[in-house]
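This report concerns how the parts of one protein chain meet, and what can be said about the boundary between them.

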Amino acid sequence: MYWQKEIETLDRAGLEALQLERLKTTLRQAGGSVYYGPVFRELGIDPDEIKSPADVRKLPMTTKDDLREHWPYGFLAVPREELVRMHSSSGTTGRATVIFHTANDIAQWTQLVARSLYMTGMRKSDVFQNMMTYGLFTGGLGFHYGAEKIGALTIPAGAGNSKRQIQLMRDFETTAVHVIPSYALHLMTVFAELAVDPRKDLNLRFAYLGAEPHSEKMRKRLEDFYGFQAFDSYGLSEMCGPGVAFECPHQDGLHIWEDQFLVEIVDPATLDPVPDGQEGELVLTTLVRDGMPILRYRTKDLTRILEGPCGCGRTHRRIERIKGRTDDMMIIKGVNIFPIQIERKLMGIPGVGNNFVIILERAEFTDLMIIKIEVRRETFMGDLKQLEALRRRIVEELKSDILITPKVDLVEPDSLPKSEGKAQRVIDNRKD
Ligand code: DLL
């Protein structure tokens, strides 16, 4: 049941000793980069003075802006000819950052993904359809290499082309898929159009959902429809890509692979560490990256450490499903709201379809939240009174959670813009 048993079950003392050794090596490596070299000299950082993984706090934090300002090669810690691959972040929040890998970096990352997939039950006999974009985005190639390492038959389907995806699943008896959750939701409409029932007509066993926030309710909805078991997969290109943290079969949080990353959770306002169990921003340090080591990277992702051991026997700590990014937070009439709170409510209401968008407007100095929600075809075509009842129910349920009253518009299935990549859930038309 383990891909790398010794590493996956290493006790805390062993793990910390490994982290310390790797942190020192990383610092020596990073000190050679155009960016970290002068920073280390200015702060007087000496790798030999690092005595425990907790000493990571002596190091400066790194932000996306630092990566952007030293674009493209400022963080390189090896000569350029050592690099074999470039990837980039999806750039949903500004100019994309680029990340470079040596052959060893790719090998380490491949092991992480293989370890994660094996943990969920993927084996050589599986047929794995990778429905993520191949290219600069890490979701395609990152998973591809990991699944091949296990020996699964890997279909590089890429994103989009929904009908072909379904055809591939049927023709080759796909057992495992990797998909962005909002796209998996959209695909449900296409299944209905083609009158294909995944539970009866397909052989899906596992799904890997990642790259964007999604709720437990969304997982349940997808599992009910497709008949697979869905695992949450977290990662970011700055650390490598997918494979940073992953759910095990116990599905109570995501194991974050601490042999390859040092984990901190900090208060996003003060940057002070928060106690285990308390929510904060995830900050990560690479421990095995040669090409482009990154120290104390502010992910902007909000989560918390789940305390206590996991029944699967792995010792790497677990984080809770990501709640969202600090920059996704909407402030409406002074109330802080995350898109996932709205998604979670909507996914639990029967009759609600597979897509929605939140539009923020400002009229007469007052903020207005409009939510356009696709409903199921039979609901949309059915009795107007029932449709109005559904609309009212949605407003009431949302109001009880987010404390403001949104304007809800129910729209036809398939009428809202959809994306093959990460969904854009919020359109903010407010002018400051
Ligand atoms: O999204 C890497 C990835 C690919 C992860 C495929 C999982 C599957 P980036 O494009 O750099 O990399 O975006 C990273 O996406 O900081 C989170 O805000 C968000 N994100 C990634 N996975 C999850 C998840 C890839 N499981 C950013 N839950 C991260 C919530 C996620 N948010």
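Contact here means heavy atoms within 4.5 Å. The model is predicted, and its protein chain is divided into domain 1 (1–327) and domain 2 (330–428). Under that contact criterion, 26 residues of domain 1 are in contact with 20 residues of domain 2, while the centres of domain 1 and domain 2, taken over C-alpha atoms, are separated by 30 Å.

The size of an interface is often given as the accessible area lost when the parts come together. Between domain 1 and domain 2 the buried area is about 1,900 Å², with carbon and sulfur atoms giving 58% of it.

| Interaction between domain 1 and domain 2 | Count |
|---|---|
| Salt bridges | 0 salt bridges |
| Polar contacts, both residues at pLDDT 80 or more | 9 residue pairs |

On the side of domain 1 that touches domain 2, the elements that give two or more residues are helix 8 (181–193), helix 10 (216–226) and strand 15 (324–325). Helix 8 gives the most to this side, with 7 residues. Sorted by class, the side of domain 1 that touches domain 2 has 11 nonpolar, 9 polar and 6 charged residues.

A separate point concerns Pro 417, which is placed in the loop between strand 20 (407–411) and strand 21 (426–428). Pro 417 is classed as exposed because its relative accessible area is 72%, and exposed requires a value over 50%. The C-alpha atoms of Pro 417 and Ala 269 are separated by 35 Å, the two residues being 148 residues apart along the chain.

Definitions and conventions: Residues numbered from 1 in each chain as written. Predicted model: local features only at pLDDT ≥ 70, side-chain atom pairs only at ≥ 80, totals over all residues. Heavy atoms only, no water. Domains from an automatic or database assignment. Buried area = accessible area lost by both parts, 1.4 Å probe. Salt bridge = Lys/Arg side-chain N within 4 Å of Asp/Glu carboxyl O. Polar contact = N/O pair within 3.5 Å; in protein donor to acceptor, adjacent residues only side chain to side chain. Helix = DSSP H or I, 4+ residues; strand = E, 2+ residues; numbered from the N terminus. Nonpolar A, V, L, I, M, F, W, Y, C, P; charged D, E, K, R; others polar. Buried < 20%, exposed > 50% of the residue type's maximum accessible area, 1.4 Å probe, protein only.
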